[in-house]
Amino acid sequence: MSETGIRYKAFISYSHNDEEWGRWLQKSLESYRIPRRLVGSPGKHGKVPARVAPVFRDREDLSSAADLTTSVRAELTASETLIVICSPAAAASPWVNEEIRFFKELGRGNRILALIVEGDPNSTESETRCFPPAMVEAGDGGIQEPLGADARKWADGKSLARLKLVAGILGIRLDDLRQRDMQRKHRLWMVAGSGAIAIALITSILAIVAITARDQAETRRQHAEDLVDYMVDDLKEKLDEVGQLDILEDVGGAVQQYLDTLNPQEESDGSLLQKAKVLRQLGEVAMEQGKLEDAMVAFEKSREVTHELHLREPQNIERIYELGQDEFWVGYVYLELGEFEAAQESFERYLQYSDRLTELDPSNPEWIMEQSYAQGNIAALVNRRESGDIALALERITSSVELNRKAIELDPGNHGYTSEYGEALAWQADTQLLLCDLGGALKSRQESLRIARETMEEEPANMNRKQRYAYANRGLAYISRQVGLTGQAMEQYKEATRVVADLYLAEPSNMHFLWDELLGRVYIAVMKAELGQFEEALIDLQEVYEPMRQVLQAGGDEDHRRRSGWIDYLLRFSDIAWMAGHDDHAEKAWSEVVRQMDDWIEAGADPKLWLGDISFARFLIWHYGSDIEITRSMADTLPEIKIDDSQPYLSCIERHLLVLQELRDENVSSARAHAKELLSKGYFEPGFVRICNHYDLCQGSG
């Protein structure tokens with residue numbers, strides 16, 4: 001819309017009796033991600049955003065308002081679309097009716113959508129009607145039929161109803177949304193959980209029972225195609241409703257039973273392709289459950305089908321594309337199993353199929369993006385291998401970035417490609433850091449942040465873009481700190497932390513946002529200490545102790561990222577407290593470190609996952625004196641694991657840890673040589689510089 005002051009994509013109006021529906025709808029809309037290739041395309045109401053957010057829900061959001069009526073009018077004025085949850089209770093509510101009337105007075109009567117949850121749309125009886133009077137009143141005094149969806153199980157159901165509302169809000173065709181939604185991809189570096197697909201399978205079992213009861217082959221094939229379409233819809237709200245994935249244990253057998261009912265003589269090429277897609281979705285469910293062997297069976301079966309279809313028609317682009325998807329998933333399972341050679345072979349075949357797509361249609365940016373993804377996956381694989389060729393990884397990710405850039409040139413209006421380009425640059429920066437190429441990494445991250453900022457400013461209320469902007473700031477801050485730009489790093493961490501704090505306020509159930517906010521506050525406190533502001537830093541660190549501990553406990557000890565962040569926080573707290581002379585604070589934090597490390601070692605965790613924490617902990621023991629009682633217990637229990645300086649490539653962080661390692665091994669000359677190498681690469685991380693000066697390692701280094 002062209003009006004200024006618009007803050008919300010939609011305003012949800014509902015009766016208090018339908019509050020549960022209101023909560024579901026708000027969460028369902030805000031969590032829905034628009035298919036990437038639709039983002040930035042023209043819709044009836046402007047360019048299509050990446051998210052339908054924020055969505056205003058009356059009553060809860062205004063619970064602290066002094067004047068509810070005035071507040072409601074202000075929020076209605078700030079909303080692009082009005083969604084009315086229609087039921088007999090809503091039809092009888094004067095509040096809901098007045099909200100509809102006011103929205104029409106704003107001149108936005110064509111932006112009112114209905115979500116039917118109860119009642120009869122055709123009834124005029126007070127007990128059964130579902131539309132409020134203002135909903136059906138036309139401007140000429142006649143009757144109009146509201147636009148919207150019917151969420152009841154025997155009608156559209158929740159999934160289709162949500163898609164209809166999203167299409168109405170964005171001003172795009174429902175078919176476009178469903179077709180594009182079906183084409184979502186999971187990629188190696190951006191794979192999140194596939195729980196939504198898993199839950200989609202659960203609800204699909206009911207459809208399978210109905211399908212197998214039918215006699216007509218053509219009807220069954222049609223329902224099979226509808227089933228696959230349904231399965232690949234984004235059904236995240238189903239996960240919220242079910243809550244547990246353990247109920248999916250029998251899904252594989254039920255889906256396989258359905259597949260076995262198909263008569264081979266009835267299977268056309270189209271139905272075979274649908275069968276492959278079902279198998280692929282089944283594999284993704286198994287991946288979510290951690291059943292890698294089951295996932296491999298499903299993906300390999302899917303690959304067998306798509307390979308057979310490809311042999312029948314080698315020039316068919318769709319079949320080449322689908323076969324490439326199966327190769328990706330097979331390679332991904334091999335990667336998770338640690339079978340890197342097999343993973344490499346599958347990823348190389350995926351790249352070959354992507355290359356073939358562009359040979360057949362060289363000007364299609366979608367196929368060029370497939371090449372970009374394939375190159376990026378191989379780079380990620382190289383980075384995961386202990387003996388990986390980091391230079392090769394950089395070559396691959398650089399190619400991925402260039403291909404992404406080419407896709408943008410062919411389709412400059414596709415904001416999804418631009419956003420992916422920013423992500424590719426971020427991955428390129430991370431690979432450059434593995435080579436201790438600080439200058440290259442800094443440049444890549446700066447460009448990544450520029451893109452994230454521009455896309456976020458185009459749609460400041462878009463939560464997905466705000467999230468990418470926050471993490472782009474954090475990524476740049478990480479490198480800024482390594483090159484000694486402490487002031488810039490401080491501001492970048494503050495901006496990242498501010499944004500994720502806003503995201504958490506908007507979505508308080510998202511513990512990732514809260515954890516990232518708390519980590520950001522830790523980084524800021526550490527930098528304050530590095531600037532000599534010890535007392536203020538300790539106060540900040542003490543403030544995050546309890547909330548971090550609670551988030552960690554809520555998430556469970558199996559969350560490696562959080563547990564590692566918690567230990568890193570405790571180690572830094574101890575270090576700063578000892579520097580400031582607050583031994584009591586240091587010993588309290590250190591006691592928790594000892595407990596956490598003991599639990600982790602007893603659980604048999606792989607020490608390589610904790611190399612940085614172990615190295616830093618051992619250095620602190622040596623630096624502050626192993627005669628301190630609180631450190632002695634850890635000195636005896638920590639595993640001895642060291643950085644191998646014979647590797648062809650070492651990151652700056654690994655070289656930093658190597659300096660600490662050589663110091664505590666009393667190899668001062670070797671520590672000095674590594675320190676000199678780091679300084680020559682522009683590495684001036686404040687903690688390193690402090691140690692470098694303290695132990696006289698920087699002499700003659702400039």
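A word on the source. This is a predicted model, in which local features need pLDDT of at least 70 and side-chain atom pairs count only at pLDDT 80 or more, while totals for chains, interfaces and linings use all residues. Residues are numbered from 1 along each chain as its sequence is written, and side-chain values use heavy atoms, with hydrogens and water left out.

Let me begin with the overall picture. The chain has 30 helices and seven strands; helices (H or I, at least four residues) and strands (E, at least two) are DSSP runs, numbered from the N terminus. Of the 702 residues, 53% are buried. Buried means under 20% relative accessible area, exposed means over 50%, and partly exposed lies in between, with a 1.4 Å probe and protein chains only. Contact means heavy atoms within 4.5 Å. Among contacts between residues at least 6 apart in sequence, 69% join residues at least 24 apart.

I turn now to the sheet. Five strands form an open sheet in the order β4-β1-β5-β6-β7, with parallel pairing; two strands pair if DSSP finds at least two bridges between them. The edges are held by β4 (55-57) and β7 (147-150), each with a single partner strand, so one side of each has no neighbour in the sheet. From one strand to the next, the twist averages 25°. Within the sheet, β1 (residues 8-13) and β5 (residues 79-86) pair over five bridges in the parallel sense, and the bridge partner of A10 in β5 is T81.

Two helices pack on this sheet. Helix α1 (residues 19-31) touches β1, β4, β5 and β6 (112-116), and its direction makes about 170° with that of β4. Helix α6 (residues 157-170) touches β1, β5, β6 and β7, and its direction makes about 175° with that of β6. For these angles, axes are lines fitted to C-alpha atoms, for helices over the stretch in contact, and angles run from 0 to 180 degrees between N-to-C directions.

Next, the interior. In soluble globular proteins, nonpolar side chains tend to be buried together. A nonpolar core is a set of buried Ala, Val, Leu, Ile, Met, Phe, Trp, Tyr and Cys residues joined through side-chain atoms within 4.5 Å. The largest such core has 81 residues, and those with the most contacts inside it include M548, W566 and F688. Apart from it lies another core, of 33 residues, among them V330, L381, V401 and L425.

F688 brings us to helix α30 (residues 686-694), whose buried residues are P686, G687, F688, I691 and C692. These pack against α20 (463-482), α21 (486-506), α22 (511-530), α26 (611-624), α28 (652-664) and α29 (668-680). Just after α30, D696 takes a positive phi of about 55°.

Finally, two individual residues. Leaving aside neighbours within four places in sequence, S444 is in contact with L425, Q428, A429 and Q432. D355, in helix α15 (residues 340-360), counts as partly exposed at 26% relative accessibility.
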